[in-house]
Amino acid sequence: MAIRKIIKYPEQEALLRKPSAKVAKVDKQIRRLIQDLKETLADHGGGAGLAAPQIGVHVRVTIVQFGQDENNIQPPLALINPEITAAGELRPGFDGCLSIPGLATWDTPRPETLTFTALDEKGQPFEMEVRGADARLVHHEIDHLDGILYLDRLEDLSKLYRRVQTQKGEKWVSLDALKPGL
Ligand code: NI
């Protein structure tokens with residue numbers, strides 16, 4: 001069990017772009033990976049989910065913390081080999097990523113509702129329907145397993161904001177206002 005280093009964009013982009021392989025068997029090694037993901041996420045306050053490739057392990061495993069909309073954050077739930085079986089209409093909304101620190105957007109189009117199947121930590125299959133921020137979260141994490149970053153889904157980078165420290169605390173400033181920016 002260990003807190004792992006989170007792979008960062010753009011320095012280690014190649015690792016974030018590499019697609020992850022399906023898990024053949026939910027064994028001790030996978031459960032240890034899930035534990036590492038949980039400890040690493042807990043160590044980084046503010047993250048809602050973490051996918052295995054973000055710690056450099058290219059298998060289809062991610063953890064998510066549901067309840068983001070209600071401010072009633074649930075303990076991390078592991079999704080192994082998650083697959084989307086139905087998706088609602090696309091809506092622009094919030095996206096941030098522990099691999100892209102200090103940046104965020106409120107404009108990534110993602111499905112409003114999502115139905116998916118996955119295996120749990122015991123290797124048991126389950127199906128779930130989520131909506132709102134939880135649907136966005138699952139979609140974001142499955143993207144990581146396919147080497148997709150939220151930046152790819154943004155129509156233009158002027159929709160990107162950078163967190164800056166001011167005397168009054170933190171605020172988000174449009175990247176446009178900060179050119180050259182990225
Ligand atoms: Ni992410």
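Hello everyone, and thanks for coming. A word on the ground rules. Because the model is predicted, local features need pLDDT of at least 70 and side-chain atom pairs count only at pLDDT 80 or more, while totals for chains, interfaces and linings use all residues. Residues are numbered from 1 along each chain as its sequence is written, and side-chain values use heavy atoms, with hydrogens and water left out.

Let's start with helix α2. When I say helix or strand, I mean a DSSP run, H or I over at least four residues for helices and E over at least two for strands, numbered from the N terminus. Helix α2 covers residues 28–43, which is 16 residues. The expected span is 1.5 Å times one less than the number of residues. For α2 that gives 22 Å, and the end C-alpha atoms are 22 Å apart, so the two agree.

Which residues of α2 are buried? They are I30, L33, I34, D36, L37, T40 and L41. These residues sit on the same side of α2, because they cover an arc of only 160° around the axis. That arc is taken from the directions from the helix axis to the C-beta atoms. As for the words, buried means under 20% relative accessible area, exposed means over 50%, and partly exposed is in between, with a 1.4 Å probe and protein chains only. On the other side of α2, K28 and A42 are exposed. And what do the buried residues of α2 pack against? The answer is three strands: β1 (49–51), β2 (61–64) and β3 (77–87). Contact here means heavy atoms within 4.5 Å.

The nickel ion is coordinated by C97 through SG, and by H140 and H144, each through NE2, at 2.1 to 2.3 Å. Donors are N, O and S atoms within 2.8 Å of the metal (3.2 Å for Na, K and Ca), and since water is not among the atoms, sites may look incomplete. Along the chain, the nickel donors follow the spacing C-x42-H-x3-H. C97 is in the loop between β4 (90–96) and β5, whereas H140 is in helix α3 (residues 132–145), so this pair links distant parts of the chain, 43 residues apart. Are C97 and H140 buried or exposed? Both are buried.

β4 and β5 pair in the antiparallel sense over six bridges; for strands to pair, DSSP must find at least two bridges between them. G96 stands opposite A104 in β5. The β4 and β5 hairpin has six residues between the strands, and there G102 takes a positive phi near 85°. β5 also pairs with β8, antiparallel again, over three bridges. There, A104 has Y161 as its bridge partner in β8.

How many aromatic pairs does the structure hold? There are four. Rings of Phe, Tyr and Trp (its six-membered ring) pair if their centres lie within 6.5 Å; planes under 30 degrees apart are stacked, over 60 edge-to-face, and the rest tilted. W106 and Y161 make an edge-to-face pair, 5.6 Å centre to centre with 85° between the planes. W106 lies in β5 (residues 103–111) and Y161 in β8 (residues 160–166), so the pair ties together parts that are 55 residues apart in sequence. W106 is partly exposed at 39% relative accessible area, and Y161 is partly exposed too, at 27%. W106 also pairs with W172: the centres are 5.6 Å apart and the planes at 80°, so this one is edge-to-face. That pair joins β5 to strand β9 (residues 169–174) across 66 residues. W172 is partly exposed, at 31%. Ring pairs link F94, W106, Y161 and W172 into a cluster.

Also in β9 is S174, which counts as buried at 18% relative accessibility. Not counting residues up to four places away in sequence, S174 touches S158, L160 and Y161.

One last stop is G67, in the loop between β2 and β3. G67 is buried, at 5% relative accessibility. Leaving aside neighbours within four places in sequence, G67 is in contact with N72, I73 and D134.
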